[in-house]
Amino acid sequence: MPLVGASQLAALAVAVLQAATTATPAPPCGCAQFAPDAAGAETEAGAALSANARRLRDFVLFSHRRLGADLVQRQGPWLDTVASAFPHCADDQVKLAWFRQALASTSDTRVFAERIAQQSDSSRACPLPVR
Amino acid sequence: MTLLHFVALAAACLHLCFTPAPAFAASLHDDVARVDAERIDQDAQWIALLHYRARRDGSLESEADSPQFFMAGQGKQSPRAELLAAVAALHAPEERQGLACRFPARYEWLRARLGHDGPDSALDGCPALSVWLAGFPGRQASIVFASSYLESPSSTFGHTFLRIVRQSGNELLSPTINYAARTEARDGDLAFVSKGLFGGFPGVADELPFYRRLRTYTEIEGRDLHDYALALEPGEVRRLLLHTWETKDGIFDYYFLDENCAYRTLALIDAARPHAGLLRRFHAVTVPVDTIRTLRAAGLLGEHRVWPSVPKAVRGLEAELAAPDAAAASRIALGQADVATTDGLAPQRQAKLLRLAYEYGSVLIDRDQGDRVQRKEILGAITRARLAQPAPAGAPGLGPAFTPEDGHDGGLVAIGALRRGGRGLLNLEYAAFEHTLADPLPGYEPHAAITLLHPSVELGDGKLRLREVDWLTVQSAIPSSTLFAPQAWRVQLRTARRQYADGEHMATSLAYHAGKAWQLGGNLVFSVLPGASIDTGSGLPHRAALAGVLRNSLGYQASAWSLQLDMVTEKYIAGSRLRRQALQANAMLRLSRNLALTIGAAQRQSPRREGELLVSLRWRQRSLRLPWEAD
């Protein structure tokens, strides 16, 4: 390998490493944010939500009993509505499992609604899957 | 050229002289000439957008009550004056933007109708309109009919509103357009009724998302919502929205009987599709379900979907469970037993039981029964237990099999042969609105009845005589169950020919009954209704009397036929010492949606013994329609 080429590669590798350590981490896209070991929504509680996320939070708060019933039944229009707020993840089962886990682990409806809204905001820059 | 015509032309010319002229394809003069040549002021779309209706003398008058709805001084009475004012504004740059922002539907239609098809950005210059329109991302619309309350037969007439449909999967976020009266808290009952009947409440439209309506109607009020796709083109939906913007804030007074929610909703659809003539049949009274029938007849209704009443769905779930399981679900929902008490049950049985407990607990919260915080904690515990289960409780329950417009029309005309005391008579009946517990069910809520203005006359021996006027009867006989124990009740105001010691006399009575009903299996319901009746009439010694009444009924209501047996015992406790007993049976066979055959028999001891047999053909007609009124 020519010397110049090797030094260029090394410089590139250093630059990539630096970028990875200094830049803000990219949002978890696809279904990664719903993975069981995902860190969850990064936004701090009380942080400003986008208009869409606020709309979703209000929906969850207002309809949480029907949404809860849909989550138990694993189907229904309330579940569809919340799932459709995460179009970048095409795997409905992964989303369902995350919603169910979130519901089971939160006793306060407001916390549950906020968590879903933050989850939505944390992925709003994600590209939609190609169909 | 009329004076009005001249003034409009002169006003526009003045504007054109002192402001830079925009590049219009046609001049004001050309457009005014076109308006007259093509009688554009009589165009169905213009008539619909301005809400002109024909008066008795054949002239037109707009239903809009706010002067701000008109650009011309005579606009309320003159479609032509209003149109010329709009055309003049279209050609006057200073007024044009105002026309576009205040009356965007008129503006868009008029431009298209006059052939102004060049590029135009006037609507883009309306920020408030743009923000409002952004809340309606869909280009399809549906109309939603809210059926009656479960325990309130007086809501039989229903309610309608519009939904602007978002894409599939997101439909609960769809915005709705709901027209209602803006009432004020300081209005007392009398003012409320008076303003509702004679005008005084401004009619306003609000735009809450559909899930909020679902919560109100299906959960809190326990009503089914029937959602019908409207066969409107995207351009028509846009016109509907733009016209809603023009009329949404106090343009019309609200009237309970005629210009109500259903009428205004239909008028919005009429503005979108004026040639369908949707409003033609509505004059004195608008019954919401009749507007649905009109849309069906005009071919404007598409796919139908039911959002079922939550309390009714809970009753359905309860019926699927054995009584001990329903009782266990009740105890869990009420906090009298722990969720863990179901742990030993088979998974499917446990799933159904917990589902019922959850839904029942949810209804208790909606009805504000018990401590709200405690109820929510119980629901949370049930939810966590259900989420831990391996399988759900099965498919959700289905909605009603029939749509509201499948039901018979509300009005009634009946002719029958009556035999009483060995005499044959002709029996004639009319009702402004009637649905009884003896009517077959399709399209109506079971166990609820309402009759409004129902006179019966007899013709025999060359004489016509009034037999009875049932002014108002309202009855609810919802059966009790393990979870629910609603009161069965009945109120009736009627004037009837009744037997007294010295013969027959007319008497007016007001009766109220309250008791219980039980389901004996299938559609068979037994009710016991003790009550009291205040009677007035010349047959009573003191012209007034108070009676205790016991009414026991056995009813069977199905889709093709129904049967009702009543045993009524009446004993006066003040003003008379009379005692009456009656045993009556009515069977009704549905021949078509609006035609039924009824056979009735009665045996009375009041005080003389008397038997009666009636065979009658009952024809249904539009609610509150008079027999001589054209449809």
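Predicted model: local features only at pLDDT ≥ 70, side-chain atom pairs only at ≥ 80, totals over all residues.
**View 1. Helices of chain A.**
Chain A contains six helices and zero strands. Along the sequence its pattern reads α-α-α-α-α-α. Of the 131 residues in chain A, 33% are buried. Among the contacts in chain A with a separation of 6 or more, 71% are between residues 24 or more positions apart.

**View 2. The loop at A:Arg74.**
A:Arg74 sits in the loop between helix H3 (64-73) and helix H4 (77-83) of chain A. The phi angle of A:Arg74 is positive, about 65°, although the residue is not a glycine. A:Arg74 has 14 C-beta neighbours inside 10 Å and therefore counts as partly exposed.

**View 3. The contact between chain A and chain B.**
Chain B contributes 18 residues to this contact and chain A contributes 18 residues. On the side of chain B that touches chain A, at least two residues each come from helix H9 (210-220), helix H15 (347-366) and helix H16 (372-387) of chain B. H16(B) supplies six residues, the largest share of that side. By class, the side of chain B that touches chain A consists of eight nonpolar, five polar and five charged residues.

**View 4. Domains of chain B.**
The domain assignment divides chain B into domain 1 (3-126), domain 2 (140-307), domain 3 (310-387) and domain 4 (407-621). Between the C-alpha centres of domain 2 of chain B and domain 4 of chain B the distance is 34 Å.

**View 5. Packing of H6(B) against H10(B).**
Two packed helices are described by the angle between their axes and the distance between the axes. For helix H6 (residues 104-113) and helix H10 (residues 234-247) of chain B, the angle is about 135° and the axes are 7 Å apart. H6(B) and H10(B) are therefore oblique to each other. From H6(B), the contact takes B:Pro104, B:Ala105 and B:Glu108, and from H10(B) it takes B:Arg239, B:Leu242, B:His243, B:Trp245 and B:Glu246. The residues of this contact of H6(B) with H10(B) comprise four nonpolar, one polar and three charged.

**View 6. Strands E14(B), E15(B) and E16(B).**
Strand E14 (residues 463-476) and strand E15 (residues 488-500) of chain B pair in the antiparallel sense, with eight bridges. In this pairing, B:Ser476 is opposite B:Trp489 in E15(B). E15(B) also pairs in the antiparallel sense with strand E16 (residues 503-521) of chain B, over 13 bridges. Here B:Arg498 is opposite B:His505 in E16(B).

**View 7. The loop at B:Arg543.**
B:Arg543 lies in the loop between strand E17 (524-537) and strand E18 (544-557) of chain B. B:Arg543 is a residue other than glycine, yet its phi is positive, near 65°. With 12 C-beta neighbours inside 10 Å, B:Arg543 counts as exposed, because the class covers residues with 12 or fewer.

Conventions:
Residues numbered from 1 in each chain as written. Chains lettered and ligands numbered in written order. Contact = placed C-beta atoms within 7 Å. Helix = DSSP H or I, 4+ residues; strand = E, 2+ residues; numbered from the N terminus. Nonpolar A, V, L, I, M, F, W, Y, C, P; charged D, E, K, R; others polar. Buried ≥ 20, exposed ≤ 12 C-beta atoms within 10 Å, placed from the backbone. Domains from an automatic or database assignment. Axes fitted to C-alpha atoms, helices over the stretch in contact; angles between N-to-C directions. Parallel < 35°, antiparallel > 145°, perpendicular 65-115°, else oblique. Pairing = 2+ DSSP bridges.
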